[in-house]
Amino acid sequence: WMGSVLDITEEKRAREQARQQEERLQQSSRLITMGEMASTLAHELNQPLAAIASYNSGCINRLHDAQPIDRRELLDIHERIARQAQRAGEIIRRVHDFVRRSEPKREPLDLNAVIRDAIGLIEADARKRGMRIRSELADDLPQVPADAVMIEQIVVNLVRNAMDAMRDEAPAARIIEVRSAHEGRFATVSVADRGAGIPDEIAARLFEPFFTTKSEGMGMGLNICRSIAELHHGRLGFEVRAGGGTIFTLSLPLDSPA
């Protein structure tokens, strides 16, 4: 009896250690992603801050001016300041939500909203690299029981991989297509590129830990993405795209597992 108790205790301890290790890997992956995007995000954040400073200077100059002040003009300037401040705050919120460490929190979520947040987080990097992101999100998509930050991590990773796959393509072809759909008991998110595709010898090892084709990569991105999908009792796979390129598809069950 004591032996059984000890075995169960050790098993629980091992599961807890594995869970904590998985969380650390996910956090490290998010931090690496943000580190790679840091200069782009800093530039993106500097734009609304510079606009706020410029509008503020304009207000100060008008207040020092001896001419009568047009209330409508000042109101318009302050509305512009408010919009730029909101834009800066939204950038900071997205970064904070993406990198924060937290216990997995599975709750009903709007998958389309998560996709829009992910695109909002990475679209500045896409512009810098001459890429365009097109989204086609289903109107009738039911809520999905999932952790929003983890699912966002998958979408960001897949979009960044799509951009990497098209770095040598002509500018007109650098289009990433992100779609959501309702397929039976699953909600799906697909990310499609028009890159050169994935050779068979690489495809067989694509989700292996520490396997990468990038000189600067660690080879943990897709492995962590698949782990997150499986944690949600979903799946992550890919297929050859007709006409060239690759489609990655994340499928998440609409019903909570028993």
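The questions and answers below go through how terms are applied to this predicted model.

In this predicted model, local features need pLDDT of at least 70 and side-chain atom pairs count only at pLDDT 80 or more, whereas totals for chains, interfaces and linings use all residues. Residues are numbered from 1 along each chain as its sequence is written, and side-chain values use heavy atoms, with hydrogens and water left out.

Q: What makes up the secondary structure of the protein chain, and which pattern does the protein chain follow along the sequence?
A: Helices (H or I, at least four residues) and strands (E, at least two) are DSSP runs numbered from the N terminus. On that basis the protein chain has 6 helices and 7 strands, and their order along the sequence is α-α-β-α-β-β-α-β-β-α-α-β-β.

Q: Why is Thr-246 called buried?
A: Buried means under 20% relative accessible area, exposed means over 50%, and partly exposed is in between, with a 1.4 Å probe and protein chains only. Thr-246 has 5% relative accessibility, and therefore counts as buried. This residue is found in strand 7, a strand that is mostly covered, with 6 of its 8 residues buried. Across the protein chain of 258 residues, buried residues make up 38%.

Q: Which residues does Thr-246 touch, not counting residues up to four places away in sequence?
A: Contact means heavy atoms within 4.5 Å. With residues up to four places away in sequence not counted, Thr-246 touches Val-191, Ala-192, Asp-193, Gly-197, Ile-198, Phe-238, Glu-239 and Arg-241.

Q: Why does Arg-129 count as partly exposed?
A: Arg-129 has 24% relative accessibility, so it counts as partly exposed. Arg-129 lies in the loop between helix 3 (111-128) and strand 2 (132-136), and, residues up to four places away in sequence not counted, it touches Arg-160, Met-163, Asp-164, Arg-167 and Arg-174. Of these, Arg-167 is 38 residues apart from Arg-129 in sequence and 7.9 Å apart in space, C-alpha to C-alpha.

Q: Why does Glu-169 count as partly exposed?
A: The relative accessibility of Glu-169 is 24%, and therefore this residue counts as partly exposed. Glu-169 is placed in the loop between helix 4 and strand 4, where, leaving aside neighbours within four places in sequence, it is in contact with Arg-174, Arg-194, Gly-195 and Ala-196. The C-alpha atoms of Glu-169 and Arg-194 are separated by 8.1 Å, although the two residues are 25 residues apart along the chain.

Q: How do you know that strand 4 and strand 5 pair?
A: Two strands pair if DSSP finds at least two bridges between them. Strand 4 (residues 175-183) and strand 5 (residues 186-192) have 7 bridges in the antiparallel sense, and in one of the pairs Val-178 has Val-191 of strand 5 as its bridge partner.

Q: What are the order and the edge strands of the open sheet?
A: The open sheet of 5 strands has the order 2-4-5-7-6, with mixed pairing. Strand 2 and strand 6 (235-240) are the edge strands, as each pairs on one side only. Within this sheet, strand 5 and strand 7 pair in the antiparallel sense over 7 bridges, and strand 6 is joined to strand 7 by 6 bridges, again antiparallel. Strand 6 and strand 7 also form a hairpin with 5 residues between them, and Gly-243 in the turn has a positive phi of about 90°.

Q: Why is helix 3 called oblique to helix 4?
A: Axes are lines fitted to C-alpha atoms, for helices over the stretch in contact, and angles run from 0 to 180 degrees between N-to-C directions. Angles under 35 degrees count as roughly parallel, over 145 as roughly antiparallel, 65 to 115 as roughly perpendicular and the rest as oblique. The axes of helix 3 and helix 4 (residues 148-165) come within 9 Å and cross at roughly 40°, which makes helix 3 oblique to helix 4.

Q: Which residues make the contact of helix 3 with helix 4, and how do they divide?
A: Among them are Leu-111, Val-114 and Asp-117 of helix 3, and Ala-148, Ile-151 and Glu-152 of helix 4. Ala, Val, Leu, Ile, Met, Phe, Trp, Tyr, Cys and Pro count as nonpolar, Asp, Glu, Lys and Arg as charged, and the others, Gly among them, as polar. The residues of this contact divide into 12 nonpolar, no polar and 4 charged.
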